[in-house]
Amino acid sequence: MLILILGLALWWGAHFFKRLAPARRAEMGDKGKGLVAGALAVAVLLMIWGYRMADGPYWWGASAPLKGINNLLVLAAFYLFAADGMKTRITARVRHPQLTGFALWAFAHLLPNGDLPSFVLFGGLLVWALAEMAVINRAQPRWTPPAGPFPVRKEIMAGVGAVVLMLVVGLIHRWLGYNPFGG
């Protein structure tokens, strides 16, 4: 569990570095981007390694209904990521589409995974995403949403991209031994 927690701590630290030490981060310039990206890569590896090794109480298991709800929420999360990149209509209503999608993804993974390592990993990532949004909102209280136009073509592309990504991620999960589709 320690490795998992270290990975989460590094994830939080790398993401909040810019906000906690803005002068230091600015001094680093472009080199800092590489260091932060490297720290995030190490954080992800530690979280994966730590999660696969971790053990703890198991309160409930995945069921078909929980997996179905999880999949719908993950699909919505993937759509929010695509929508942000394409600046679709929803970006005029949701200030932080990627962080909202990330929080949705993390929450979705808590539903079918009723064990302590999942609560630490996905709960820790969910709290990070919510904290990140709060910190950004406090630092930059004014927000000007995109005004459009919002072409239907972009909406369709974001939706199709989310579905394709969902299928690819689902296949990777199956390949790793986790069946995200079904009971």
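Predicted model: local features only at pLDDT ≥ 70, side-chain atom pairs only at ≥ 80, totals over all residues.
1. Extent of the contact. On the domain 1 side, 13 residues are in contact with 17 residues of domain 2. The two domains bury about 1400 Å² between them. Carbon and sulfur atoms give 75% of that area. In domain 1, the residues that lose the most area to domain 2 are Trp-12, Arg-19 and Tyr-51. Together they make up 38% of what that side buries.

2. Polar links across the contact. Between domain 1 and domain 2 there are 4 residue pairs in polar contact. Two elements, α1 (2-20) and α2 (22-53), each give two or more residues to the side of domain 1 that touches domain 2. α1 gives the most, with 8 residues. By type, the residues of this side are 10 nonpolar, 1 polar and 2 charged.

3. The salt bridge between the domains. The count between domain 1 and domain 2 is 1 salt bridge. Arg-19 and Glu-132 form a salt bridge, with N and O atoms 3.4 Å apart. The pair joins distant parts of the chain: Arg-19 sits in helix α1 and Glu-132 in helix α5 (residues 116-139), 113 residues apart. How accessible are the two partners? Glu-132 counts as buried because its relative accessibility is 6%, under the 20% cut-off. Arg-19, at 32%, counts as partly exposed.

4. Salt bridges in helix α2. The whole structure holds 4 salt bridges. Among them is the pair Glu-27 and Arg-24, whose closest N and O atoms are 3.3 Å apart. Both residues lie in helix α2, 3 residues apart, about one turn of the helix. Glu-27 is exposed at 62% relative accessible area. Arg-24 is partly exposed at 45%. Lys-33 and Asp-30 also meet in a salt bridge, at 3.8 Å from N to O. These two are separated by about one helical turn, because they are 3 residues apart in helix α2. Lys-33 is exposed, with 54% relative accessible area. Asp-30 is exposed too, with 62%.

5. A loop residue. Is Thr-88 buried or exposed? Thr-88 lies in the loop between α3 (64-86) and α4 (97-110). Its relative accessibility is 1%, so Thr-88 counts as buried. Leaving out residues up to four places away in sequence, Thr-88 touches Tyr-79, Ala-83, Phe-150, Lys-154, Glu-155 and Ala-158.

Note on methods
Residues numbered from 1 in each chain as written. Heavy atoms only, no water. Contact = heavy atoms within 4.5 Å. Buried area = accessible area lost by both parts, 1.4 Å probe. Salt bridge = Lys/Arg side-chain N within 4 Å of Asp/Glu carboxyl O. Polar contact = N/O pair within 3.5 Å; in protein donor to acceptor, adjacent residues only side chain to side chain. Helix = DSSP H or I, 4+ residues; strand = E, 2+ residues; numbered from the N terminus. Nonpolar A, V, L, I, M, F, W, Y, C, P; charged D, E, K, R; others polar. Buried < 20%, exposed > 50% of the residue type's maximum accessible area, 1.4 Å probe, protein only.
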